[in-house]
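My notebook is open and I have a list of things to look up.

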Amino acid sequence: SGKADSQRVTVYFWANGDRENPLPLRLDILMGPGSVMASAREDSRGLFIYVPREELVYHAEDSGLLAFDLPVPFSLADLSFLVTGRFANLFAAGNDTASTPRAEQGEDGGTVYTITDARLNGLLTLGPDGLPRAWTDGAHGWTLNVEYWPDSTRTTPRKLYIKHAEGREATLIVRDLAFPASSFTTRQLELAVPAGTRLAPLDGNR
């Protein structure tokens, strides 16, 4: 959100998906202990977001969290790849015939690649360690900066800084990544809503 109306929330994010296909995904946004602001599920049908105070489930067939007016230009699947460090799923070419990305020398020993054939296109900066440090989409004004855990061999991010040229921004802090011994049940991955809850198209014009 913009700085004038910024707020801090806790997000729980879970799934059983494999390295290539993380769907279905579930996410809960909490304003406080036991206070669910919104619940979301992304599957092959698209994105569904349930807002208890509005008694509505919003649905978009092909859209990310921007449609819900959140300053995050990614789908839940994109976010899952980011927070788990599976960057190749986002920035590597999607086919064998793609051209080699153009590379230029960046700051602090990094390299800037022009990505054109991937899930997320734009300018990608890799640090000397080969890890993504920054990304900008170029066309729509979004930038992403990635911070890692200091003095650690973990390649998963600690913080994701997302910002738009017009001032909207979000900071995602990855508190913990857990890998349960058993898979989540079908029920745990469902978007449970009260009977009679209405379905509404999700177009960002709420």
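In which sense do strand β4 and strand β5 pair, and over how many bridges? I looked it up in this predicted model: β4, residues 46-51, and β5, residues 56-60, pair in the antiparallel sense over five bridges. I also picked out one pair of residues here, and F48 stands opposite H59 in β5.

**Entry: back along the strands**

Next I went to β3 and β4. They pair in the antiparallel sense over five bridges, and a hairpin of two residues joins β3 to β4. For a landmark I noted D43, which stands opposite G46 in β4.

Then came β2 (residues 25-32) and β3 (residues 35-43). I found antiparallel pairing over seven bridges. D28 has S39 as its bridge partner in β3. These two strands also form a hairpin, with two residues between them. In that turn I spotted G34, with a positive phi of about 75°.

What is the strand order of the open sheet? I wrote it down as β1-β2-β3-β4-β5-β13, which makes six strands with mixed pairing. I then asked myself why one side of β1 and one side of β13 are left without a neighbour in the sheet. β1 (10-15) and β13 (198-201) stand at the edges and each has a single partner strand, so one side of each has no neighbour there. I also noted the twist, which averages 20° from one strand to the next.

**Entry: a nonpolar patch**

I checked the surface next. V9, V11 and M31 make a nonpolar patch of about 230 Å². I followed up on V9, and its place is in the segment before β1.

Which peptide bond is cis? I found the one from L23 to P24, with omega near -5°. P24 is in the loop between β1 and β2.

Then I turned to phi. D69 has a positive value of about 65° although it is not a glycine. I located D69 in the loop between β5 and α1 (76-83). At 46% relative accessibility, D69 counts as partly exposed.

D108 went on the list too, with a positive phi of about 55°, and it is not a glycine either. Where does D108 lie? I found D108 in the loop between β6 (102-105) and β7 (111-115). Its relative accessible area is 74%, so D108 is exposed; the cut-off for that word is over 50%.

**Entry: I173 and its contacts**

My last stop was I173, which lies in strand β12 (residues 169-173). It is partly exposed, with a relative accessible area of 35%. Which residues is I173 in contact with, leaving aside its neighbours within four places in sequence? I got R158 and K159. For R158 I also noted the spacing: I173 and R158 are 15 residues apart in sequence and 6.0 Å apart in space, C-alpha to C-alpha.

Definitions and conventions: Residues numbered from 1 in each chain as written. Predicted model: local features only at pLDDT ≥ 70, side-chain atom pairs only at ≥ 80, totals over all residues. Heavy atoms only, no water. Pairing = 2+ DSSP bridges. Helix = DSSP H or I, 4+ residues; strand = E, 2+ residues; numbered from the N terminus. Axes fitted to C-alpha atoms, helices over the stretch in contact; angles between N-to-C directions. Patch = residues over 30% accessible without salt bridge, like charges linked within 9 Å, V, L, I, M, F, W, Y side chains within 5 Å. Areas by Shrake-Rupley, 256 points an atom, 1.4 Å probe, with all protein chains shown as cover. Salt bridge = Lys/Arg side-chain N within 4 Å of Asp/Glu carboxyl O. Buried < 20%, exposed > 50% of the residue type's maximum accessible area, 1.4 Å probe, protein only. Contact = heavy atoms within 4.5 Å.
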